[in-house]
Every structure is written in C-alpha cells, then in structure tokens.
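My entries follow in the order I looked things up.

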Amino acid sequence: AIMVGIATVKSDDPLLTCRLEGRTVRHPVRIVLDPRLHISPQSRLVQSAHEAPLWIICAPTSVGGKKAQQLQDMGVRVAGISLDKASHIDLVQLVAFLGAEGIDSVLLESAGRLAEHALKAGLVQKVQVYVAPQFYGAAVRRKSTVGVVAEPFVARLGLPASVRLIGEDVLIEYEVAPCSQA
C-alpha cells in the first residue's frame, strides 16, 4: 500500500498509481488519512477509485455520514480508526487494522507531520530519500499555533544502508534507529 495524509491530497492532488510503461501493473492500495473526511470527491484519487483501490481512513464518527456514503458510492472504501490524543488517526491501531486486511507493507509518502508521527510511534523500518537533479527555491513554512512551541523531533538515520542511481535521481536508503526528542 501507499499512504498519505489529507494535507498532501489537498496540496498536490496526487494519483498514487503505478505508471510503469510496457508492463502489466498491479496498483497498490492507496490509503489517505483523513480524520474528518475533508477529501474532495473531485480529487484525482477519488475519481480513479474504480481503477485503483482507495481507502480513506477517518474517525469512527465520520463513517456513517453522507460524505462517507458518497465516497463509497464512488468506489472508495471508508474505514474508521480511533483518534489519538492529538486528534490524529491512531497509527498503531491503523497498522493492526491493515495487517488484519492482509497489508503488511506500506510506503508512507510524507515529509511532514505524518512521517513524524509514524517515526515517533516506532512504525518506520526504512527511510528512502530521493534526490532529483533540480532545486526549487521557494521557502517552506509550517503553520503553528500562537503560544505553542513544538518540541524539536529527531530521527537518527545513521549512515546510509545503500545509495543508488535511478535514472537521473539518487535514492538514499537508511535503516531507522529509535527516535528521540531533542
């Protein structure tokens, strides 16, 4: 499976399908963590739900509503998983649910909050960093709540386990060491 958070869906409108040319492909189960079902029915993910499996994981209270039914009618599987104390999908419960559904490997495509939560929960075994031969100069800023200072988060990666060229890109793979607060 491949998993993203709703912020990635809203900002990038990804498709998350396998697009290898000249091969018969089996699309991964695409999983979106969306506690409040904010995903647009017009998103590329939802629009392609009949071609490639799409699961939206939301809070249990969101499963029975009109939006959930609309998504299900469009071919989306909607499943409820409890929220943690910070109102995020409880990733430990999610992993247990996915295992029970026969999914034992998930590519987490995230550089932000979802990656941080998965690392903190000890659910990440490997980090893959892709470096493309291009650079974008726009600054990236994270929204913060006034008066609240987030504690820095550190995931120690150590030395790369491998470095490979994939076309013009470089793939750096790390085995993940236990996480800590800085």
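Entry 1: Where is the place of Val92? I found Val92 in helix 4. I keep in mind that this is a predicted model.

**Entry 2: the whole chain.** I then stepped back. The protein chain has five helices and ten strands. Of its 182 residues, 32% are buried. I looked up contacts between residues at least 6 apart in sequence, and 62% of these join residues at least 24 apart. The chain exposes about 12,000 Å². Carbon and sulfur atoms supply 54% of that area.

**Entry 3: the cores.** In soluble globular proteins, nonpolar side chains tend to be buried together. I went looking for such groups here. The largest nonpolar core holds 21 residues. Ile31, Leu33, Ile57, Leu94, Phe97 and Leu98 touch the most other members. Which elements each supply at least two residues of this core? I listed strand 2 (30-33), strand 3 (54-58), helix 4 (91-100), helix 5 (113-120) and strand 9 (169-175). Helix 4 gives the most, with four residues.

I took Leu94 as a test case. Leaving out residues up to four places away in sequence, Leu94 touches Met3, Leu33, Ile57, Ile81 and Ile89. There is also a second, separate core of 18 residues. Among its members are Ile2, Leu37, Leu45 and Cys58.

**Entry 4: helix 5.** I checked burial along this helix. Leu114, Ala115, Glu116, Ala118 and Leu119 are buried in helix 5. Just after the helix, Gly122 takes a positive phi of about 75 degrees.

Entry 5: Leu37 has a positive phi near 55 degrees. Leu37 is in the loop between strand 2 and helix 2 (44-47). Is Leu37 buried or exposed? Its relative accessibility is 6%, so Leu37 counts as buried. Ser87 has a positive phi of about 65 degrees, though it is not a glycine. Ser87 is in the loop between strand 4 (77-80) and helix 4. Ser87 is partly exposed, because its relative accessible area is 38%.

**Entry 6: salt bridges.** How many salt bridges does the count come to? I counted four. I looked up Glu101 and Arg77, whose closest N and O atoms are 2.9 Å apart. This pair links distant parts of the chain, 24 residues apart. Glu101 is in the loop between helix 4 and strand 5 (107-108), and Arg77 is in strand 4. Glu101 is partly exposed at 36% relative accessible area. Arg77 is partly exposed too, at 32%.

Next I took Lys126 and Glu173, a salt bridge with closest N and O atoms 4.0 Å apart. Lys126 is in strand 6 (residues 126-131), Glu173 is in strand 9, and the two are 47 residues apart. Lys126 is partly exposed, with a relative accessible area of 43%. Glu173 is at 10% relative accessibility, so it counts as buried. Glu173 also meets Arg164 in a salt bridge, at 3.9 Å from N to O. Arg164 is partly exposed at 43% relative accessible area. Shared partners join Lys126, Arg164 and Glu173 into one network of salt bridges.

Technical notes. Residues are numbered from 1 along each chain as its sequence is written. This is a predicted model: local features need pLDDT of at least 70, side-chain atom pairs count only at pLDDT 80 or more; totals for chains, interfaces and linings use all residues. Side-chain values use heavy atoms; hydrogens and water are left out. A nonpolar core is a set of buried Ala, Val, Leu, Ile, Met, Phe, Trp, Tyr and Cys residues joined through side-chain atoms within 4.5 Å. Buried means under 20% relative accessible area, exposed over 50%, partly exposed in between (1.4 Å probe, protein chains only). Contact means heavy atoms within 4.5 Å. Accessible areas come from the Shrake-Rupley method with a 1.4 Å probe; for residues, only the protein chains shown count as cover. A salt bridge is a side-chain nitrogen of Lys or Arg within 4 Å of a carboxyl oxygen of Asp or Glu.
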